[in-house]
Amino acid sequence: MTVDTATETIGTAWILCPACRSIIYLKRYERANRVCPECDDHGMLTADQRIDQLLDVDSAQPIAVAATVTDPLEFTDTRAYTERAEQARRTTGMSEAIRCVRGTVDATPIVLAVMDFRFLGGSLGSAVGEAVTAAAEAALADHTPLVLVTASGGARMQEGIVALMQMAKTSRALRRLDDAGVLTVSIITDPTYGGVAASFATSTDVIVAEPGARLGFAGPRVIQQTIGQTLPDGFQTAEFLLEHGIVDMICHRAALRTRLSRLVAMTVGPVGGSAPDDADALITDPAALTMGEPWDRVRAARKLGRPTTLDYLATAFDEFVELHGDRMSADCPALIAGFARLDGLPVVVIGTQKGRTGPELTARNYGMPTPAGYRKAVRVLRLAAKLGRPVVALVDTAGAYPGVEAEEQGQAAAIAESLKLLAGLPVPVVTVITGEGGSGGALALALADRVLVCENAVYSVISPEGCAAILWKDPAAAPRAAAALRVDAAALLELGIVDGVVPEPAGGADRDPVAAAELLRRAVGQTVRELRAWPAAELIAHRHSRFRGYGTAGPESRTSR
């Protein structure tokens, strides 16, 4: 993607694409919001074009921004800073490198701040910092989402240390929105570097990037010239950053408005939702369950035809927007997370994902999350707490990934962090063991207010094969180990480990995945609606009491019955 501030025109009707140099009909290029029809390069938009693209017609209302010092250092290089700024104002028609407005997206109110690279490279000076802060304060006052569209080369050198302080100023403004439970979204456009990348561009709840957009603290030239590293292909592009867990999603410009509309609607919409009568959605009496051999339940739980987390999201939930990445180094494909609706109720969903075919299982790491997966879950759990959304966790995993890389990246610490966070999360948490619930890797998502288990699912400290190999010294003793470990739904209900059993269709969930999804929807919906009535303090206190009682012999014991 190019960072040129203008395309090369040929006469009055044609231009050259700045990326592929194809000749394009100018009107066609503008109708496509400056996306090349030949190479799909996303050309640069002005702030006003971006506002027109994202907001409802005639909804934009300017936000007043306080005056700032115009030349704090009285800076001059080959020209006076004041002259450069005045020239930028004349050529762009803007007073500074950003435009801030209130507006609506499909009738949902937002505050929108859009940077314009044409104005001194979109550099972050005192005026831009003040504008971003004013936009954040408007979002705080209105309790509406703040959307930031970034395009910047970094801090404005002509303002020196004053420009550097804008990173701290804007970060404090966004922290106030975190404390108030206001959603923040950044849309990364090409390029976004330096002080902008290291402050408000990447400290939002959700980071959306346009295809090919570059984002980084130090630019490629700086890295090559200072430490001499050879950079990989695609370095710092949106695609590179998605793979490395920094951005949540890449969205084509043609779909950007729709994606933004869904995001803000799912996070600020009504918290009600329909309340169907699902009084009999759960089995809570062990005697009501069909008895069978625990080993048969283990084999049933592992059938590849059982619905996966993504299957349930597509059928039991109304809609789903996936979030990616741990914001540190990676995006784990074995763990899914994002915003969803359940019977119209906005929720946050996290879940393990196995797959069915050989290639799917390999791509999803056989449903075994890496440390990046658990860190992604933690990030999204914190977002659920900030927005006050119930959490639904769907678990089907043999356990946390046990490889060398996982240990190097702190697998134990990642699981511990998830457990500690869930222990005090101030929103309802409902976990469903949908297949295998393997040891600490499953428990990391199951320190919940209500733990449910599907009728043919299992939950255990170790696999029966592992237990047989260690204690019986014979892997063939796995059926005996499964019975001794009491891994099946009936035993888990008797032990007080789970609160209810989600019925499955005759023959198992793999026989009728659609019916299985409907049964799960009813069970989870009933449970979430019940817990939503509880104050946060009571949820946390009850969660403490629940897990405090495991293993004790007194009246609080949950395992003595």
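Modeller: Helix α4 (residues 126-142) packs with helix α5 (residues 160-180) at an angle of about 5 degrees, and their axes are 9 Å apart. Helices here are DSSP runs of H or I with at least four residues, strands are runs of E with at least two, and both are numbered from the N terminus. An axis is a line fitted to C-alpha atoms, for helices over the stretch in contact, and the angle runs from 0 to 180 degrees between N-to-C directions. α4 and α5 are therefore roughly parallel to each other (angles under 35 degrees count as roughly parallel, over 145 as roughly antiparallel, 65 to 115 as roughly perpendicular and the rest as oblique).

This is a predicted model, in which local features need pLDDT of at least 70 and side-chain atom pairs count only at pLDDT 80 or more, while totals for chains, interfaces and linings use all residues. Residues are numbered from 1 along each chain as its sequence is written, and side-chain values use heavy atoms, with hydrogens and water left out.

On the α4 side, the residues that meet α5 include Ser-126, Gly-129, Val-132, Ala-136 and Leu-140. Among their partners in α5 are Val-162, Gln-166, Lys-169, Ala-173 and Leu-177. Contact means heavy atoms within 4.5 Å. The residues of this contact divide into eight nonpolar, five polar and four charged (Ala, Val, Leu, Ile, Met, Phe, Trp, Tyr, Cys and Pro count as nonpolar, Asp, Glu, Lys and Arg as charged, and the others, Gly among them, as polar).

A second pair is α2 (residues 47-54) and α9 (residues 253-268), whose axes come within 9 Å and cross at roughly 55 degrees. That makes α2 oblique to α9. Arg-50, Gln-53 and Leu-54 of α2 make the contact with Arg-253, Leu-256, Arg-257 and Leu-260 of α9. By type, the residues of this contact are three nonpolar, one polar and three charged.

Leu-54 is also one of the residues in contact with Leu-112, leaving aside neighbours of Leu-112 within four places in sequence. Ile-51, Leu-55 and Val-147 are among the others.

Helix α10 (residues 294-301) has six buried residues out of eight, so it is largely enclosed by the rest of the structure (buried means under 20% relative accessible area, exposed over 50%, partly exposed in between, with a 1.4 Å probe and protein chains only). The buried residues are Pro-294, Trp-295, Arg-297, Val-298, Ala-300 and Ala-301. They pack against strands β15 (391-397), β16 (429-438) and β18 (458-460), and against helices α17 (464-472) and α18 (478-485).
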